[in-house]
Amino acid sequence: MLNQLLIIEEYADYFRQHGLLCSVAIDFQLARAVTESSFIQQILSQLPFVRLKLSEDFPNLHDGMNNPLLRTLIEQLNIIWLDDLGAGDANLNALQSNMFEAVKLDRQFYLENVDKPFFTVLINHIRQYTNRVIVEGVAGDGQLDTLRHSKIWGVQGYFSPELTLENLEYNDGQRCENQ
């Protein structure tokens, strides 16, 4: 993780100049490293465009703020995103805890539900807990219209693929997601 953050730090000016955010996926072990390392916390404080992304399968995510590790992450940094919502690994308690700045829908969940009549209702329900909903797997203009109507904050897909740090300098103006 430290190596990732140092590489991201090299591109800090790029992120700042272009108003971009960079999400870094972390698991339980990396979350512990973040909370236990004042050095990592210091680096993160110098990179205000970095967001830490927890997957829905993060241990005891359903405990929300009652999970000591999650509570510490929020108290120390408050830059947490939830990834893979709808994958079936967590209940709504994690979402309803209001811990997450943004929520990214699971790609398969999105693809299976985007054309269903309740999709907009579902997004509105999620937006009660965060205004930033990101959808992965967007494949067509019709889907973009649906997502605009649902007030989706961000998309990732064929229109806006994830951008790795290795390709950053060649892809001006797109969002970066480091996985």
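Tutor: Buried means under 20% relative accessible area, exposed over 50%, and partly exposed in between, using a 1.4 Å probe and protein chains only. This is a predicted model, where local features need pLDDT of at least 70 and side-chain atom pairs count only at pLDDT 80 or more, while totals for chains, interfaces and linings use all residues. Residues are numbered from 1 along each chain as its sequence is written, and side-chain values use heavy atoms, leaving out hydrogens and water.

Student: Which residue forms an aromatic pair with Trp153?

Tutor: Trp81 does, and the pair is edge-to-face, with 6.0 Å centre to centre and 90° between the planes. Rings of Phe, Tyr and Trp (its six-membered ring) pair if their centres lie within 6.5 Å; planes under 30 degrees apart count as stacked, over 60 as edge-to-face and the rest as tilted. Trp81 is in strand β3 and Trp153 in the loop between α9 (141-149) and β6, 72 residues apart, so this pair links distant parts of the chain.

Student: Is Trp81 buried or exposed?

Tutor: Trp81 is buried, with a relative accessible area of 7%.

Student: And what stands opposite Trp81 in β4?

Tutor: That's Ala102. Strand β3 (residues 80-85) pairs with β4 in the parallel sense over 3 bridges. Two strands pair if DSSP finds at least two bridges between them. Helices (H or I, at least four residues) and strands (E, at least two) are DSSP runs, numbered from the N terminus.

Student: Which strand pairs with β4 over 4 bridges?

Tutor: Strand β5 (residues 132-138), again in the parallel sense. Over in β5, Val133 is the bridge partner of Val103.

Student: What does Asp83 touch?

Tutor: Asp83 touches Lys53, Leu54, Ser55, Glu56 and Lys104, leaving aside residues up to four places away in sequence. Contact here means heavy atoms within 4.5 Å. Asp83 sits in strand β3 and is buried at 9% relative accessible area.

Student: Switching to helices: which residues of α4 are buried?

Tutor: In helix α4 (residues 38-45), they are Ile40, Gln41, Ile43 and Leu44. Looking down the axis of α4, the buried residues fall within an arc of 160°, so they line one face of the helix. The arc is that of the directions from the helix axis to the C-beta atoms. Their cover includes α1 (2-10), α3 (28-36), β2 (50-55) and α5 (68-76).

Student: How many residues are in the largest nonpolar core?

Tutor: It has 54 residues, and Leu52 and Leu73 have the most contacts inside it. A nonpolar core is a set of buried Ala, Val, Leu, Ile, Met, Phe, Trp, Tyr and Cys residues joined through side-chain atoms within 4.5 Å. Among the residues that Leu73 touches are Ile26, Val34, Leu52 and Ile80.

Student: Last one: how many helices and strands are in the chain?

Tutor: There are 9 helices and 7 strands, and buried residues make up 47% of the 179 residues.
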